[in-house]
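Open your viewer and get ready to select. Each stop on this tour names what to pick and what is there.

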Amino acid sequence: MQIAALAVIAAAALVLGYIINSINEHIRHAKKAKDLGCEPPLKTTGPEPSGIVSMMRGANASRQKRLPVWVQEQLDAVAEKHGRYVGTVILRTPFFRDTLFTLDPQNIQTVLALKFKDFGLGPNRTENFKPLLG
């Protein structure tokens with residue numbers, strides 16, 4: 001009986017730690033965005049809230065070597081919905097995580113030229129842009 005109680009306490013502590021970490025990360029990002037004068041990006045709405053279907057569609061686009069085109073399609077859909085140009089959006093990825101995608105020229109310049117060390121290179125970026133960037 002004591003082992004079950006310890007397991008429940010450990011699980012609750014993990015969930016609480018995750019929640020606290022998420023809140024701290026949100027506050028840190030919001031402060032940095034405010035300091036830099038950034039506006040929050042628009043969120044895309046996928047076919048379901050967990051992001052699994054969107055991830056599968058993105059992975060399929062990546063396998064077909066058309067991830068940048070797929071991202072542009074997502075941006076175009078948001079732009080049409082909001083009636084204005086949209087260069088950066090938040091896409092939901094599994095499991096309920098948000099990922100920032102941008103095709104905005106100023107953001108690309110910042111990432112590639114001015115703040116390169118501040119941004120990680122994920123597998124999608126390295127594989128899809130390898131023909132372009134080497």
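**Stop by stop**

Select V89 first: its bridge partner is F101, in strand 3. This is a predicted model, where local features need pLDDT of at least 70, side-chain atom pairs count only at pLDDT 80 or more, and totals for chains, interfaces and linings use all residues. Residues are numbered from 1 along each chain as its sequence is written, and side-chain values use heavy atoms, leaving out hydrogens and water.

Now select residues 88-93, which are strand 2. Strands (E, at least two residues) and helices (H or I, at least four) are DSSP runs, numbered from the N terminus. Strands 2 and 3 run antiparallel, joined by 6 bridges. Two strands pair if DSSP finds at least two bridges between them.

Next, select residues 2-36. This is helix 1, and I19 lies in it. Buried means under 20%, exposed over 50%, and partly exposed in between (1.4 Å probe, protein chains only).

Zoom out to the whole protein. Its secondary structure has 5 helices and 3 strands. Along the sequence the pattern is α-β-α-α-β-β-α-α. Of the 134 residues, 19% are buried.
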